[in-house]
Each structure stands twice: as C-alpha cells, then as structure tokens.
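Me: I'd like to learn how to read helix packing and pockets in a protein model. Can you walk me through it?

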Amino acid sequence: MDPVLSSDVLAELRRPRPYPAVSLVMPTHRREPENAQDPVRLRNLVAEAEKAVQRDPHVSREGRLEVLDQLRRAVAEVDLVHAEDGLIIYAAQGEHQVWSVARTVPERVVLADTYLTQNLVAAQAAEQPYWALAVAADRVSLWNGEPQRAAEHTRDGFPLTRSLVDTDVERKEQVGDLPSTFQDEATRHFLREAYQRLRAVLTAEPRPLYVIGSSAALALLEELGPLGPDTMFVERGGLADGPAVAVREAVDPLRTARESAATSTVVAELDIAHGRHEFAGGIDEVWQAVKEARVRLLAVEDHYQTVVREEGGHLEPTDAARSGARDDMIDEIVEQALEAGTEVRFVPDGTLTDQGRIAGVLRY
C-alpha cells in the first residue's frame with residue numbers, strides 16, 4: 001500500500017469534507033484470468049457512483065461537476081495491471097486519492113461528508129508493515145516493507161548519501177593514518193546522522209525494524225545507541241541501493257520467523273484468557289466487547305470475511321442480498337478496536353477455527 005497510512009494521513013482522510021465525499025471500494029485480482037473482470041467492474045462501479053452524485057438533490061451543479069471531475073482523474077490513475085487484492089478510490093471537491101491494498105474488500109459506493117476508511121485501516125493492519133534500513137559507508141536507505149513488497153522511503157531525510165573520496169588520502173597513507181572505512185570519524189558522523197533520522201521516523205511510525213549491512217556497518221550502528229526491542233540485524237552488504245526485491249528477500253526469513261513466533265504467542269494468550277474468563281470468541285461476542293472498548297488483544301484470521309446483519313442488538317449470519325446485510329463488519333471491528341487502543345493481530349487461516357475465526361483477550 002502506498003503511501004504509508006500513518007496516523008497523520010488517517011486523520012486527514014477522516015477530516016469532514018463538503019458533501020459529497022465519494023468512497024469507491026472494490027475487490028481486484030493479481031493474476032489472469034481473474035483480473036480480466038476488473039476493468040469491467042471498475043467501469044460499472046464508477047457509473048454507479050456518477051449516477052448517485054448526479055441524482056442527489058443535495059449536491060449543487062458546481063459541486064457535482066467538481067466531484068465527478070476528481071473521480072475521473074482518480075480512475076485515470078488506477079493501475080489494474082499491477083493490482084493487489086483491493087482498490088479504494090476517494091474523490092471530493094478539489095482532491096482525489098487512489099489506494100491499492102493487499103486485502104480483499106467488499107464492493108461499495110458511499111457518499112458522505114467523510115471518506116469510508118475502515119477497509120483501508122483493516123488492510124493496513126493486516127499487512128503488518130515494517131521498516132528496513134540498508135547501511136553502507138556512503139549511503140543509508142530506508143525501505144517501507146510489507147509481506148508482498150518493499151519500496152524505498154524517500155522522505156524524512158532519506159536516503160542519506162555522501163562521497164567517500166578523501167582529498168588527503170595520499171598524506172594519510174604516507175604517515176600510516178588511514179583508518180578503515182567504518183573506523184574513521186567521518187563515517188561515524190555520517191551514521192550518527194542516519195541514526196538520528198531513523199529514530200525520528202520510528203517515533204512517528206513505530207514498526208518492526210530490520211537493519212541490513214556488513215558486520216562492520218552493523219557493529220558501528222549498534223554502538224550509536226538502541227533502536228528498540230523490535231529490531232533485528234541482517235548481515236548482508238550491498239543493498240543500500242536496493243533493488244527493492246533484494247531488500248525484501250533479505251528480510252523475509254527473519255520476518256517469517258518473527259510472525260510465526262507472534263502467532264504462537266497470540267494463541268497462548270487466548271488460551272490463558274479463556275481459562276480466566278477474559279475471552280471473547282466469534283463475531284457477535286467480539287463485536288459487543290469491541291463496542292465497549294473492553295478488548296485488549298484482537299486476533300483475526302487473515303482472510304476471514306462474513307456477511308451479517310444486526311438483529312436485536314446482535315449480529316446474525318445472513319445472505320448478502322438481504323436488506324441490511326453487511327459484508328465488511330470484520331473491517332469495521334478492526335477499525336473500532338484500533339481506535340480504542342487495542343492490539344490487533346492477523347493470524348494464518350485455520351489458527352482460530354475453534355474460536356469462530358475471530359477472538360479477543362478482554363481488559364476486564
């Protein structure tokens with residue numbers, strides 16, 4: 001997903017806008033032959049959104065023309081050739097955004113005075129993003145990583161570069177005062193600056209961190225100070241310039257091991273909570289607890305989606321064609337849980353079969 005869904009970006013997306021703010025959400029496909037249907041579905045959904053805007057009596061002519069123009073601009077930016085599992089388009093007066101997400105989303109068109117963000121938030125939580133710092137003596141790059149891809153982060157002072165040309169190298173060689181690359185003071189100063197910039201990024205957007213570099217580079221960086229408990233080191237040089245696929249491949253073995261260990265920890269916590277009667281299982285029970293902000297840890301299977309409707313204050317399974325049917329309730333639960341400060345963990349399919357595929361550890 002690009003750009004990064006930081007707390008600042010999310011706050012901006014949730015900001016009230018002049019009506020109508022259009023949210024268009026649709027599932028997409030990564031491979032043939034399934035992806036052949038995506039352009040048709042997008043055209044149909046855009047036509048539905050256009051009709052909804054045109055027929056709404058609360059929208060002025062000027063507002064209608066502006067929003068429809070922004071919607072068409074957004075559609076022109078969509079890249080279905082490199083689609084992931086979901087597409088989210090936002091369009092309002094004076095702005096539009098396009099998001100590609102690695103999580104299946106329901107097909108919806110919503111007109112409101114705010115954007116529909118729950119599918120985007122749930123997709124971001126499911127992606128479990130990380131940072132990767134690739135270190136060399138003349139370049140330090142930061143990578144925004146997800147299980148399926150990585151992209152270089154080119155903000156917040158990154159990448160940091162310098163020249164290794166030493167104009168006084170001949171004299172230093174003569175007097176025997178030419179230190180190795182990762183021992184001289186200029187390199188220490190260079191990595192210290194990178195360290196400080198990295199700490200600022202981690203403070204603003206905490207994530208697991210993987211530091212990639214030669215043993216000498218990693219040793220020097222460790223001397224500069226702690227980077228946090230979620231930091232792991234990958235001893236491999238030559239990746240400060242990428243490419244992105246090599247950065248992701250260097251990180252993958254440690255990331256996979258970390259996620260496996262995290263899943264085991266979640267399952268253990270759920271078992272303990274069950275014994276202490278601090279457990280909620282199944283979509284209705286979890287939904288009730290999330291609404292009351294009583295869930296400390298929420299666990300959801302990766303691809304769990306279900307259709308429900310609210311009846312008598314409870315969620316009941318239903319057919320998608322019935323009035324009041326909701327096929328994005330899981331995403332809504334995830335978003336509400338995150339807003340309440342709940343730790344949300346997505347786990348592999350089949351992990352929570354006996355708990356209804358969604359479960360929580362209660363605060364009380």
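Reply: Helices (H or I, at least four residues) and strands (E, at least two) are DSSP runs, numbered from the N terminus. This is a predicted model, where local features need pLDDT of at least 70, side-chain atom pairs count only at pLDDT 80 or more, and totals for chains, interfaces and linings use all residues. Residues are numbered from 1 along each chain as its sequence is written, and side-chain values use heavy atoms, with hydrogens and water left out.

Me: Which element gives the largest share of the lining of the largest pocket?

Reply: Here is the idea of a pocket. On a 1 Å grid over the protein atoms alone, a pocket is an open set of points where a 1.4 Å probe fits, with protein on both sides within 12 Å along at least five of seven lines; lining residues have an atom within 4 Å of a point. In this model, H8 provides the largest share of that lining, 7 residues. H8 covers 244-275, and other elements that each supply at least two lining residues include helix H4 (118-127), helix H10 (329-339) and strand E15 (343-347).

Me: What volume does the largest pocket have, and which residues are the closest to its centre?

Reply: Grid points are joined across faces, edges and corners, and a volume is the space filled by probe spheres set on the points. For the largest pocket that comes to about 1,100 Å³. Of its 40 lining residues, Pro129, Pro206, Arg207, Pro208 and Val344 are the closest to the centre.

Me: How does the lining of the largest pocket divide by class?

Reply: Ala, Val, Leu, Ile, Met, Phe, Trp, Tyr, Cys and Pro count as nonpolar, Asp, Glu, Lys and Arg as charged, and the others, Gly among them, as polar. The lining has 20 nonpolar, 8 polar and 12 charged residues.

Me: And what about the second largest pocket?

Reply: Its volume is about 490 Å³. There are 23 lining residues, and the closest to the centre are Ala126, Pro147, Gln148, Asp302 and His303. H4, H8 and E15 each give two or more residues to this lining, and H8 gives the most, with 4. By class, the lining splits into 7 nonpolar, 7 polar and 9 charged.

Me: Now the helices. At what angle do H6 and H7 cross?

Reply: Two packed helices are described by the angle between their axes and the distance between the axes. Axes are lines fitted to C-alpha atoms, for helices over the stretch in contact, and angles run from 0 to 180 degrees between N-to-C directions. Helix H6 (residues 185-204) and helix H7 (residues 215-223) have axes that come within 10 Å and cross at roughly 65 degrees. So H6 is roughly perpendicular to H7 (under 35 degrees counts as roughly parallel, over 145 as roughly antiparallel, 65 to 115 as roughly perpendicular and the rest as oblique).

Me: How do H9 and H10 pack?

Reply: Helix H9 (residues 283-291) packs with H10 at an angle of about 30 degrees, their axes 10 Å apart. That makes H9 roughly parallel to H10. Contact means heavy atoms within 4.5 Å, and here Ile283, Val286, Trp287, Val290 and Lys291 in H9 meet Met329, Ile330, Ile333, Gln336 and Ala337 in H10. This contact has 8 nonpolar, 1 polar and 1 charged residues.

Me: What about H2 and H3?

Reply: The axes of helix H2 (residues 38-55) and helix H3 (residues 61-77) come within 10 Å and cross at roughly 170 degrees, so H2 is roughly antiparallel to H3.
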